[in-house]
Amino acid sequence: MNYLNLIPVSFLCVCLLACGNKAKQVPTEVIANNTNNLPVWALGDFVRPEGVNPVITPNPESKFDCPMRKAPVNWEESDTFNPAAVVKDGKICVLYRAEDNSATGIGKRTSRIGLAESVDGVTMERHATPIMFPAEDNMKEFEWQGGCEDPRVAVTEDGLYVMMYTAWNRDVPRLSVATSRDLLTWEKHGPAFAKAYDGRFKDMACKSGSIVTKVVDGKQVITKVNGKYLMYWGEQMVAAAISDDLITWTPVLNDQNELLGLIYPRDNYFDSALTECGPPAIMTDKGILLLYNGKNQKDDRRDPRFNAGTYSAGQVLFDLNDPYKAIARLDVPFFQPMADFEKSGQYVDGTVFIEGLVFFKDKWYLYYGCADSKVGVAIYAPTL
C-alpha cells in the first residue's frame, strides 16, 4: 500500500512510547532506512496483490441446515468478513465470519464461521457449510441468536488450534474459546474469563483476543511469555490475560484491582475512538508486536487526516521482559481503507479490519475484513 501521498514522510517515522494520550518520540537510532518508512520493530510493508481482492465474497447459494432454526439457511448470503488465518498441511486456512439474511443492520443477523483453504494465499477453496455455529450445546445461551463472530486462531507446536471468538447473544458479547485438531470439528469451552476471580468477569462485555505467537523453524506457533500463555484483548483499550492451558484465562489487574490498561485510544490520532486487538501477536527479538485496529472518532477528537469513523490498522511493541509495558507505537496506520470495496458495504465509513496473520513460505499474509462485507489479503515479503 502507499499512504505517502497523504502524510509527510518525516511524520511517518515517529512512534509513541507508553499509553494513553501522552507520548514521547522514540530515539532516532531505532528508525530504519526502510523503503516503507516503518521503524525497524514494525512489520511491513504490506501490499495488496494486483487483481485478486476481495478473495472471499458473499455466496447466496450456500445452504446449511441450522440446528437452531430447524430449517435450511443461506448462511453466507449477506456478508463475509473479519477473518482469522492459520497454516495447516501446507495450506493457508482462512476462517471467516459469515452472516445470513435474517435481519438488517450490523450485529442483527446471525453469524457463523466458514472455512476456506488456499495453496497460494490468494485463491480460495471454500467449504460448503460453516465449521462453527450456534447449536443446541453448552454455548446456546451465549451465542443465540447473534452467533459466532470475529475469530482469531493460533496453533500450538503439537497441532492444537485455539480459536478466540465473540459469542454474541444480542445482549452481551463475550470473548470465548474453542479448540480443534482439524479445523472442522470444534470443542467449545465457554467464555474465556468465566472462572477467573470467582466469575467476576463472566458477564463482562469483551472481545478480540490475540494470543502471543512466535515463528519457530518457519512455523508460527503459540508460545509462552514468562512461563504463561499470554493474550492481549479488548477494544476500548488493550488489556491482557494469562493462562496455563489456553482455555481458562485470567485478566491482568492493576494496583486498584481493576483491569490493567496497556494502551488506550488517543485524541486526534487514527485510533481516537477504539484500540481493538487484531491477529495473534508475534514475539520478536525486539519485543512482542501487536497489530491492532484503530477507529477514528466522529467528533473533534478525530484525526482530521482520515475519514470520521474509519477503521485503520496500527502496531504497538511491548517489552519482552515486561509484556504489559508498551515501548513503541505507530502514530499513523500502516494499513488503511483505499479500495472501493473497503469503503462501501455494511460499513460505509471505510474499514480494513485485521484479524488473520500467518507466516507462509517466507512471506506474511494479512487477512482483513473489508467494510464488514468482504475479505481481502495483503502480503509482505521480508528482505533477507
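Modeller: Happy to. Asp79 is found in strand E3, where a strand (E) is a DSSP run of at least two residues, a helix (H or I) one of at least four, and both are numbered from the N terminus. Bear in mind that this is a predicted model, in which local features need pLDDT of at least 70 and side-chain atom pairs count only at pLDDT 80 or more, while totals for chains, interfaces and linings use all residues. Residues are numbered from 1 along each chain as its sequence is written, and side-chain values use heavy atoms, with hydrogens and water left out.

Biologist: Why does Asp79 count as buried?

Modeller: Buried means under 20% relative accessible area, exposed means over 50%, and partly exposed lies in between, with a 1.4 Å probe and protein chains only. Asp79 has 5% relative accessibility, so it counts as buried.

Biologist: What makes the link between the side chains of Asp79 and Gln346 a polar contact?

Modeller: A polar contact is a pair of N or O atoms within 3.5 Å; within protein, one must be able to donate a hydrogen and the other to accept it, and residues adjacent in sequence count only if both atoms are side-chain atoms. The Asp79 and Gln346 side chains are joined at 3.2 Å. Asp79 also has a polar contact of 3.1 Å with the side chain of Ser373.

Biologist: Why are strand E23 (352-360) and strand E25 (374-380) said to stand at the edges?

Modeller: Two strands pair if DSSP finds at least two bridges between them. The open sheet has 3 strands in the order E23-E24-E25, paired antiparallel. E23 and E25 each have a single partner strand, so one side of each is left without a neighbour in the sheet. Strand E24 (residues 363-370) pairs with E25 over 7 bridges, and Tyr367 has Val377 in E25 as its bridge partner.

Biologist: What makes the residues around the second largest pocket its lining, and how do they divide?

Modeller: On a 1 Å grid over the protein atoms alone, a cavity is a set of points where a 1.4 Å probe fits but cannot get out; a pocket is an open set with protein on both sides within 12 Å along at least five of seven lines, and lining residues have an atom within 4 Å of a point. By that test 20 residues line the second largest pocket, with Arg97, Ile106, Lys207, Tyr311 and Asp372 nearest its centre. They divide into 8 nonpolar, 4 polar and 8 charged, where Ala, Val, Leu, Ile, Met, Phe, Trp, Tyr, Cys and Pro count as nonpolar, Asp, Glu, Lys and Arg as charged, and the others, Gly among them, as polar.
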